[in-house]
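I opened this notebook to record what I looked up in one protein model and its ligand.

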Amino acid sequence: MRIDIISCVPSLMDSFFAHSILQRAQTKGVVKVEMHDLKDYASNQYRQVDDYPFGGGAGMVLMIEPIAKCIRKLQSEQTYDEVIYLTPDGVTHNQKMANELSLKKNLILLCGHYKGIDERAREMFITREISIGDYVLSGGELAAAILADSIIRLLPNVLSDETSALTDSFQDSLLAPPVYTRPAEFEGNKVPEILLGGNHKLVEQWRDDQAYLRTKTRRPDLLENLE
Ligand code: ADE
């Protein structure tokens, strides 16, 4: 898979993609993440990518020209399954969407900044608009990083234990059960006995029960999606 991220401050995401699972996924060649600085596509010497909104009002708006230039350059080099704009007024992201997007080959993620992007850029180039939640961030960079992370960890051979993404919260509309590691007792707090007994069938049953219980108490709305 290839993910191209367009932003006017791409360095915001450098560290995020340079560590841990996301770095390993790139080293293994499972995913190629390319950053593109919108300012490289500006038409004037000041590398200007934003301007005042027509009609007045507070905040700046990202201009259509650098966005069009950057997307068109990428699209002339390879075809993309989706051109995604990260925006609080998009469809709220969830595990189902991450699963669906993890099956795509090439994605462009466009990050907004300031007051957003010129509406014509949305109409002309964007195939999908995604929000990561009902709150407003200073820009789409964190949202793009979160979206990319949720997709990349699902790609084959990214997680060392292939099954571990399958047991994530939400993967089967249930929250994940509690997990424990050594020591078996800490300041009088003991790990549930069943996890220490070595009976895999009982452990599995316990985890299923705990996942259901946790979902019922914390997110009963998720149980409506259970088949
Ligand atoms: N940009 C700013 N806020 C955002 C959000 N909640 N989701 C996606 N992109 C955003």
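**Entry 1. Basis and overall fold.** I worked with a predicted model, in which local features need pLDDT of at least 70 and side-chain atom pairs count only at pLDDT 80 or more, while totals for chains, interfaces and linings use all residues. Residues are numbered from 1 along each chain as its sequence is written, and side-chain values use heavy atoms, with hydrogens and water left out.

I found 8 helices and 9 strands in the protein; helices (H or I, at least four residues) and strands (E, at least two) are DSSP runs, numbered from the N terminus. The C-alpha atoms fill a box of roughly 70 × 40 × 40 Å along the principal axes. Of the 227 residues, 43% count as buried, where buried means under 20% relative accessible area, exposed over 50% and partly exposed in between (1.4 Å probe, protein chains only). I also looked up contacts (heavy atoms within 4.5 Å): among those between residues at least 6 apart in sequence, 75% join residues at least 24 apart.

**Entry 2. Strand β6.** I noted that 6 of the 6 residues of β6 (residues 106–111) are buried, so the strand is largely enclosed by the rest of the structure. In a regular strand the side chains alternate between the two faces of the sheet. Here Asn-106, Ile-108 and Leu-110 point one way, and Leu-107, Leu-109 and Cys-111 the other.

I then checked the pairing of β6, for which DSSP must find at least two bridges between two strands. Strand β1 (residues 2–7) pairs with β6 in the parallel sense over 5 bridges, and Ile-3 stands opposite Leu-107. Strand β5 (residues 82–92) also runs parallel to β6, joined by 5 bridges, with Leu-86 opposite Cys-111. I recorded β5, helix α4 (residues 95–101) and β6 as a right-handed β-α-β unit; right-handed means that, with the strands pointing away from the viewer, the path from the first strand over the helix to the second runs clockwise.

**Entry 3. Nonpolar cores.** I used the definition of a core as a set of buried Ala, Val, Leu, Ile, Met, Phe, Trp, Tyr and Cys residues joined through side-chain atoms within 4.5 Å. The largest has 32 residues, of which Ile-5, Phe-17, Leu-109 and Ile-152 touch the most other members. The elements giving two or more residues to this core are β1, α2 (20–27), β5, α4, β6 and α6. Helix α6 gives the most, with 7 residues. A second, separate core of 22 residues includes Cys-8, Ile-67, Ala-68 and Leu-110.

**Entry 4. Ligand.** For Gly-133 the corresponding distance is 3.1 Å. A polar backbone atom of Leu-137 is 3.0 Å from a nitrogen atom of the ligand.

Entry 5. I located Arg-128 in strand β7 (residues 128–131); at 16% relative accessibility, Arg-128 counts as buried. The Arg-128 side chain makes a polar contact with that of Glu-100 (2.6 Å); such a contact is a pair of N or O atoms within 3.5 Å, and within protein one must be able to donate a hydrogen and the other to accept it, residues adjacent in sequence counting only if both atoms are side-chain atoms.

Asp-168 lies in the loop between α6 (141–152) and β8 (185–186) and, at 17% relative accessibility, counts as buried. Beyond its neighbours within four places in sequence, Asp-168 is in contact with Arg-153, Leu-174 and Ala-176.
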